[in-house]
Amino acid sequence: MIKTVLVPVEYTFCDAHIARDGSEVEATSSLTLGMDTWHLCLEHDVTFGRYLCDALGVPTENGATLTEPESVPVAEPVSEPEPEPEPEPEAVPVGVSGPAPARSVMIAGEVPGYEWDDAREAVRRMGYEVVGRADDSTVLLILGDGGDRNGTKLRDAAERGIPVMDVRESGRFKSAVRSGELVGGDPLPEPAKVDRSAMSERERNRAVRTWARENGFTVPTKGRIPMHVRHAWEHRDASEGKAAAA
């Protein structure tokens, strides 16, 4: 006897087909992510499998993606350079001192045949410094025209015993420059008293220019002498007297 028995069969359909067009296609696999599971047919199993492989890479047997280890360069040991030997200090000769200070010269008055600047430049070329007041380096007083009216420099020479070279004679200074030697030994004159009322205008201007240059004033070679320079020259006896007393 043949007996027909109806056994209920449960089918699982592809969630991708149902979501796309509502068709019922039997599922052959499932996809689980966290707490969610989707049933897929063979077609969608391949489609979603390729998508996940492209996005996440091909899974390994234990579920982790293997990456090639990065090569880490190993620094080779650098040998430290040997220290250079320290240079030995140079031996300093015993008894050798530094260069001697330059000798200086005072010029009082105007040198015949020379402009004010030219005479001083000639002295500097011979290796001397030109100073307005004597100090420990001063070795000579050059006495030019009108130099006996410069009481300050004459007193400096007298107090320090500085030799005098009188160049008021025409050509003497030029000969000394040519020979390259300045030699003293001339007598030191007494400071002259200037009678300003008896001087001509030309002589007065010459005396003012000479005194002004020797005392640090800037005056032109020709032309008008500034009033403050004339005023200082008119009162020079009083100022020099105060300086000597100090």
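This is a predicted model: local features need pLDDT of at least 70, side-chain atom pairs count only at pLDDT 80 or more; totals for chains, interfaces and linings use all residues.

**Pockets and cavities**

Mentor: Here the largest pocket holds about 400 Å³ of space. Of its 17 lining residues, E110, R206, R209, R213 and T221 are the closest to its centre. Residues are numbered from 1 along each chain as its sequence is written, and side-chain values use heavy atoms, leaving out hydrogens and water.

Trainee: How is empty space found, and what is a pocket?

Mentor: Rolling a probe the size of a water molecule over the atoms shows where empty space is left. On a 1 Å grid over the protein atoms alone, a cavity is a set of points where a 1.4 Å probe fits but cannot get out; a pocket is an open set with protein on both sides within 12 Å along at least five of seven lines, and lining residues have an atom within 4 Å of a point. Points join across faces, edges and corners, and volume is the space filled by probe spheres set on them.

Trainee: Which element gives the most to the lining of the largest pocket?

Mentor: That's α6, with five residues. Helices here are DSSP runs (H or I, at least four residues), numbered from the N terminus.

Trainee: And how many cavities of 30 Å³ or more are there?

Mentor: One. The largest cavity holds about 70 Å³, and its lining includes G146, W211 and W233. Again α6 gives the largest share of that lining, four residues.

Key. Helices (H or I, at least four residues) and strands (E, at least two) are DSSP runs, numbered from the N terminus.
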